Amino acid sequence: MMMNHLRIPLLALTAALAACGGRGEPSTARTESPKQAPADGQVPAARIQRPAPGTGQPVDVTNPALAAPRRDGTPQPAAAPGQPVPGQAPAPAPAAARSSDRAAEILTRVEQAANGIRSLEADFTQTLNVPLLGSNQRSVGKLYQRKPDRFLMRFSDPDGDVIVADGRYFWLYYPSSDRTQVIRTSIAEGGQSVDLQQQFLSNPNQRFVATLAGDESVAGRSSYVLTLVPRGASAYKILKIWVDKEDYLVRRFEMTEENESVRRVELRNVRTNHALANSLFTFTPPAGAQIIQQ
């Protein structure tokens, strides 16, 4: 079984990130139930009490500044909710909150950029690290996407491997693994989509908790690095995307699955909104090959 390809569901995800599976170990969907907060949105701090020295009176030590009694042995009065404690500097705005706000702004720009793309062509490099097997795989090739239902990944390494969406079917042919077998799945019946935007970039701020992790260079282009955690059930637990600072297209995508396998796809020489002929997205099974319907 070739580990350097994406499973069909992941294929559509990869396209959406770029835009606008190959095989691997199965992933386990993950759902987290949100914790309930008080109606006013404030999370109360835990209250801890202990006897004050020399008095035996309980003292609120939720805040260390309130734990020490006065010189006469009586406890410090509790500060009103939301008020600063005497002698303690006000807490600065959390850096995490600022990072999340900026990440949300960038994701909005990413979604807008994706909405303007009708077609995409790029060179890709894909890597897969599977800690459970101690394996690392790498593949390269050319990727083509035309909305809403055409997709092609043509591999040059392993040479001859191909994934095609012709508007009706996904075709997966891996001669590097088995020249006698072709996998076919119906796009409609399988619930698959080749529109990455629809799968991934539609309402991203509602679907992910996003954090701005910094910035890096991808193929010589300055990019924002965003960490995305799905809010609901997903085949992956963490996504990272590298967003071009000029055109807000995703140039690199990395997914960490529940089993800690890490898949990364990087796009270079990206061209958008060029005419892509129907003939590019056709596939004819080799003579004698067995077609396996999934």
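Modeller: Helices (H or I, at least four residues) and strands (E, at least two) are DSSP runs, numbered from the N terminus. By that numbering, Pro158 sits in the loop between β5 and β6 (159–166). The model is predicted, so local features need pLDDT of at least 70 and side-chain atom pairs pLDDT 80 or more, while totals for chains, interfaces and linings use all residues. Residues are numbered from 1 along each chain as its sequence is written, and side-chain values use heavy atoms, with hydrogens and water left out.

Colleague: What is particular about the bond that joins Asp157 and Pro158?

Modeller: The peptide bond between Asp157 and Pro158 is cis, with omega about 5°. Pro148 belongs to the loop between β4 (135–146) and β5 (150–157). These bonds are worth noting because most peptide bonds are trans.

Colleague: How do you know which strands are the edge strands of the sheet?

Modeller: The open sheet has 12 strands in the order β9-β10-β11-β12-β13-β3-β4-β5-β6-β7-β8-β14, with mixed pairing. Its edge strands are β9 (208–218) and β14 (290–293), as each pairs on one side only. Direction ignored, neighbouring strands are turned by 20° against each other on average.

Colleague: Why is Glu260 called partly exposed?

Modeller: Buried means under 20% relative accessible area and exposed over 50%, with partly exposed in between (1.4 Å probe, protein chains only). Glu260 has 38% relative accessibility, which therefore places this residue in the partly exposed class. Glu260 lies in the loop between β12 and β13 (262–272) and has a positive phi of about 75° although it is not a glycine.

Colleague: Which class does Asn273 belong to?

Modeller: With a relative accessible area of 29%, Asn273 is likewise partly exposed. Asn273 also has a positive phi, about 60°, without being a glycine, and is found in the loop between β13 and β14.

Colleague: What makes a group of residues a nonpolar core?

Modeller: The members are buried Ala, Val, Leu, Ile, Met, Phe, Trp, Tyr and Cys residues joined through side-chain atoms within 4.5 Å. The largest such core has 38 residues, of which Leu226, Leu228 and Val243 touch the most other members. Helix α3 supplies the largest share of this core, 6 residues. Another core lies apart from it, with 12 residues, among them Tyr144, Leu152, Trp171 and Leu276.

Colleague: What is Val243 in contact with, neighbours within four places in sequence aside?

Modeller: Contact means heavy atoms within 4.5 Å. The partners of Val243 include Ile106, Val110, Tyr224 and Leu226. Helix α3 (residues 95–115) lies across β9, β10 (221–230), β11 (238–244) and β12 (250–256), at about 75° to β9. Such angles run from 0 to 180 degrees between N-to-C directions, with axes fitted to C-alpha atoms, for helices over the stretch in contact.

Key: Pairing = 2+ DSSP bridges.
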